[in-house]
Amino acid sequence: MTIANESVSHNLKEKVLQGGLYLFFRQSMGLIISVGGMFLLTRIIGPKNYGIYSSVIAILMYGVSIGGLGINVYLVRNEKKLLESDYNQAFTVLFFTNTIITILGLLFANYLGKWLSNPDIIYPFVVLVCTLPLQSFIIPGTAKIERSLNYKAIAYIELVGQITYYSTAIFLAYMDCGVWAPVVGYWIQQIMISIGTLWASRYMPRLTKNLNDLKDMVQYGIGYSSSMWVWQIRSLINPLIVGKFLGAEAVGIVALAIRVVEALSFVKKITWRISISALAKVQGDNKKLKDAVDEGMMVQVIAVGPFLVGFSLLSPYIIPIVFGQKWMSLSIIFPFIALSYLINSVFNMHSSVLYVKKENWSVTLFHMVHVIIFFISSIIFVPLLGVAGYGWAEVAAFLGYIVIHYKLSKHMKASYKKAVPWIIGFIPLLFVNFANNIFVILLMFLPLLMVIINKNSRYAVLKYKNYIIRRSV
């Protein structure tokens, strides 16, 4: 290697390291801002207004995902040197698709109000769906910044956008603007992100007629994103099914429970990324890959479980203090959603392996089965059981994991013996507030005690950490 090459390599490593630090800073600060802002905003505007906003945002985010066509992945991961014309081509396609989806959304608004028997949702939906074309500016600009490894700019843009959103929304909420507080906050956030992205990327979008690589761009993007589009249908069940049968207030309660669980599961994302790195190192050796999966399933559960259990145990005291008495129904649905994330933390290792093995269709099939069961179950259980019915639909959808277990078994026989004792220990504690007998509560603590004193489990995290270090070197 020449001195020039060594210098380039050193500069690249330095950029990646600095970028990682900036992203870590952004994640940490973003979590604090998000949690604090969410507590204040939901307490002020209440379940009904938050439910209307959550319904609109859930549908909007699905539109953002579909309208993006996975082009951001194509732009960021493309190995060839991209020209300005490539970004203009992406901008042109995105502007066209997002404009079409915006028009469809405007036509769909009245039907949405009728389906939910809630005319109050129509105007917030109309206003927010008009933000979709802004994605045409954000996606190419962000991709250009990422390709230059300028993670500092990305971190600042995202943080400024987040601060802008919550400061605007909370101020307007105090001014008694109701659902319009987060709606206006979201609009201003998207404008700020668009301006910041274009400025940092030094990119000036232009419509182009020359779409030479359109086929490759769209095929790559859709091929990568299609399985996630199926999975993201889950996010529509709360606004469209719970909203249909129980109204906006119930949607708000379920949506906030999901947000709380996601915030408490932040460690899961870190351990999942570490696990992915290890899988990439050993993908050619099935024995080592199996060991990584077996250990990874257990660590994922351990990473998520304590935080979820802690909130569940303290929820009778936390909810009225942090959110207010009007949010007390949160304690009914939280354990079910927490259980869903706990079980998913086991099986997302399966998805990772199948992606490594280029079995994208297998993952898509699992997503389809899971979502279909979840959808049908929610239609049955929500009208019968209320908010808890959404939770029981989540439990019924666990049957879908049989599919991904079967698909993985064609490559390896995953062992659940390290993860299952922890799941058995955590589950009763998630539902401890459903028990009103002190003897029953004490019995619920026994499984976790058995796990803790188990020799194999006691050193589980340490073993996995050492394993990751060895495989990553």
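Student: Arg-234 and Glu-394, are they buried or exposed?
Tutor: Both of them are buried (under 20% relative accessible area; exposed is over 50% and partly exposed is in between, with a 1.4 Å probe and protein chains only). Keep in mind that this is a predicted model, where local features need pLDDT of at least 70 and side-chain atom pairs pLDDT 80 or more, while totals for chains, interfaces and linings use all residues. Residues are numbered from 1 along each chain as its sequence is written, and side-chain values use heavy atoms, leaving out hydrogens and water.

Student: OK, and what do the side chains of Arg-234 and Glu-394 meet in?
Tutor: They meet in a salt bridge, at 3.1 Å from N to O. The term stands for a side-chain nitrogen of Lys or Arg within 4 Å of a carboxyl oxygen of Asp or Glu.

Student: Which helices do Arg-234 and Glu-394 lie in?
Tutor: Arg-234 is in helix H9 and Glu-394 is in helix H15 (residues 387-396), so the pair ties together parts that are 160 residues apart in sequence. Helices here are DSSP runs (H or I, at least four residues), numbered from the N terminus.

Student: How many salt bridges does a search of the whole structure find?
Tutor: It finds 2 salt bridges. Lys-144 and Glu-84 form one of them, with their closest N and O atoms 3.1 Å apart. That pair links distant parts of the chain, 60 residues apart, with Lys-144 in helix H5 (residues 135-147) and Glu-84 in helix H3.

Student: Why does Glu-84 count as partly exposed?
Tutor: Because its relative accessible area is 32%.

Student: New topic. Where is Phe-398 found?
Tutor: Phe-398 sits in the loop between H15 and helix H16 (401-409). With a relative accessible area of 18%, Phe-398 is buried. The C-alpha atoms of Phe-398 and Phe-374 are separated by 8.6 Å, and these two residues are 24 apart along the chain.

Student: What about Phe-375, which helix is that in?
Tutor: Phe-375 belongs to helix H14. It counts as partly exposed, at 39% relative accessibility.

Student: How much space lies in the largest cavity, and which residues line it?
Tutor: About 30 Å³ of space lies in it. Its lining is Ser-312, Ser-315, Ser-331, Pro-335, Leu-430, Phe-431, Asn-433 and Phe-434. Helices H12 (286-322) and H13 (330-356) are the elements that give two or more residues to that lining.

Student: And how much space is in the second largest pocket?
Tutor: About 220 Å³. The second largest pocket is lined by 14 residues, and Ile-59, Tyr-62, Gly-63, Ile-101 and Phe-125 lie nearest its centre.

Student: Which helix gives the largest share of that pocket's lining?
Tutor: H1 does, with 5 residues. The elements giving two or more residues to the lining are helices H1 (3-68), H3 (84-115), H4 (122-129) and H9 (234-246). So H9 turns up in this lining, and Arg-234 lies in H9.

Note on methods
On a 1 Å grid over the protein atoms alone, a cavity is a set of points where a 1.4 Å probe fits but cannot get out, and a pocket is an open set with protein on both sides within 12 Å along at least five of seven lines; lining residues have an atom within 4 Å of a point. Grid points are joined across faces, edges and corners, and a volume is the space filled by probe spheres set on the points.
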